[in-house]
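Have a look at the picture first, and then we'll go through it piece by piece.

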Amino acid sequence: MDSYKIAAKLLQGARHAIAFTGAGISTESNIPDFRGTQGLWKRFDPRMASRGYFLEDPNGFWQFYAKRYEYIVGAEPNAAHKALSLLEEEGIIKSVITQNIDRLHSKAGSKSVLEVHGDIMMSRCDCCGEQVPTVECIKFYRDSGSAPTCGKCQGGLRPSIVLFEEPPDLIEAAFNIAHRSDLCLSVGSSLCVYPAAMVPEIVKRRGGHLIIINYDPTPLDGIADIVIREKASAALEAILKEFDGR
Ligand code: NAD
């Protein structure tokens, strides 16, 4: 049996399947990933996404996030996001746990989405927590050339995302879902950013199945039931075609 057939069978037989996604699912929506062949870390220093850099050089930090915001703001979900939404509609996938900050799963129609690294469309004051739409921060940065500050307390504004050196707030919720799940379908993630990458590992170590769809090898390939090195949209569409009754 080929990988797509086996993947479809495992998904159909699962009691509680989840999807775990990374930046690779959004490259077909023209949002670059980090570690892929055209990834952002080939052009930028990963430190630019850290808390240390935000505190040290807020202007440089906003220059980097204005660029990332530009990629994300006009992006539309692609066939891979839509396939996961369809799998949820059909009752097969119960939740999507995503490391992405681009809202594309919700835009594609997925209802149960946990964004463990936050959402770039909103920003907040690093001191008092005041919430501000990121579009206003970008406008301020572009007009003045300097980092936006809070209208209430003058603290530094930053996107409501998890920066390197910060703990992901929603990770416990993601782990709880993983503990209840018997299959994890990982799509477009290098599976090397922890603690998020523990999600597929937990499902597998508790006796569930792990299906990985990713161009490049990942550290969890060795424990996966199936590894598919194919474009995310093509792989998910091929799996959907294998479902009974199609
Ligand atoms: P990643 O870039 O590490 O991995 C993406 C993977 O997807 C690559 O291995 C690539 O081969 C694969 N890929 C690319 N396009 C594909 C396609 N169309 N089909 C199949 N595979 C494809 O991204 P990641 O796994 O999401 O891990 C990094 C995480 O770390 C990010 O999701 C992010 O949340 C977090 N992070 C956060 C920041 C920040 O700004 N706070 C910065 C860097 C990383």
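Before we start, a word on "domains": the bounds used here come from an automatic or database domain assignment. Keep in mind, too, that this is a predicted model.

So how is the chain divided? Domain 1 takes in 1–31 + 78–117 + 168–246, while domain 2 covers 35–74 + 119–161. Notice that each domain is put together from separate stretches of the chain. Take the centres of the two domains over their C-alpha atoms, and you'll find 28 Å between them. The domains do meet, though: 11 residues of domain 1 are in contact with 11 residues of domain 2.

Now for the ligand. Where does it sit? You'll find the ligand in the largest pocket. Around the ligand there are 28 residues, and the ones that come nearest are Tyr-65, His-117, Val-162, Ser-190 and Asp-216. Sort this shell by class and you get 11 nonpolar, 10 polar and 7 charged residues.

Let's zoom in on a few atoms. An N or O atom in the side chain of Thr-27 is 2.8 Å from a nitrogen atom of the ligand. Asn-214 has a polar side-chain atom 2.9 Å from a ligand oxygen atom. With Gln-99 it's the backbone instead: one of its backbone N or O atoms lies 2.7 Å from an oxygen atom of the ligand. And how much of the ligand does the protein bury? Taken alone, the ligand exposes 850 Å², and the protein buries 97% of that.

Note on methods:
Residues numbered from 1 in each chain as written. Predicted model: local features only at pLDDT ≥ 70, side-chain atom pairs only at ≥ 80, totals over all residues. Heavy atoms only, no water. Near = heavy atom within 4 Å. Polar contact = N/O pair within 3.5 Å; in protein donor to acceptor, adjacent residues only side chain to side chain. Areas by Shrake-Rupley, 256 points an atom, 1.4 Å probe, with all protein chains shown as cover. 1 Å grid on protein atoms, 1.4 Å probe; cavity = no way out; pocket = protein on both sides within 12 Å on 5 of 7 lines; lining within 4 Å. Sits in = over half its atoms within 2 Å of the grid points. Nonpolar A, V, L, I, M, F, W, Y, C, P; charged D, E, K, R; others polar. Contact = heavy atoms within 4.5 Å.
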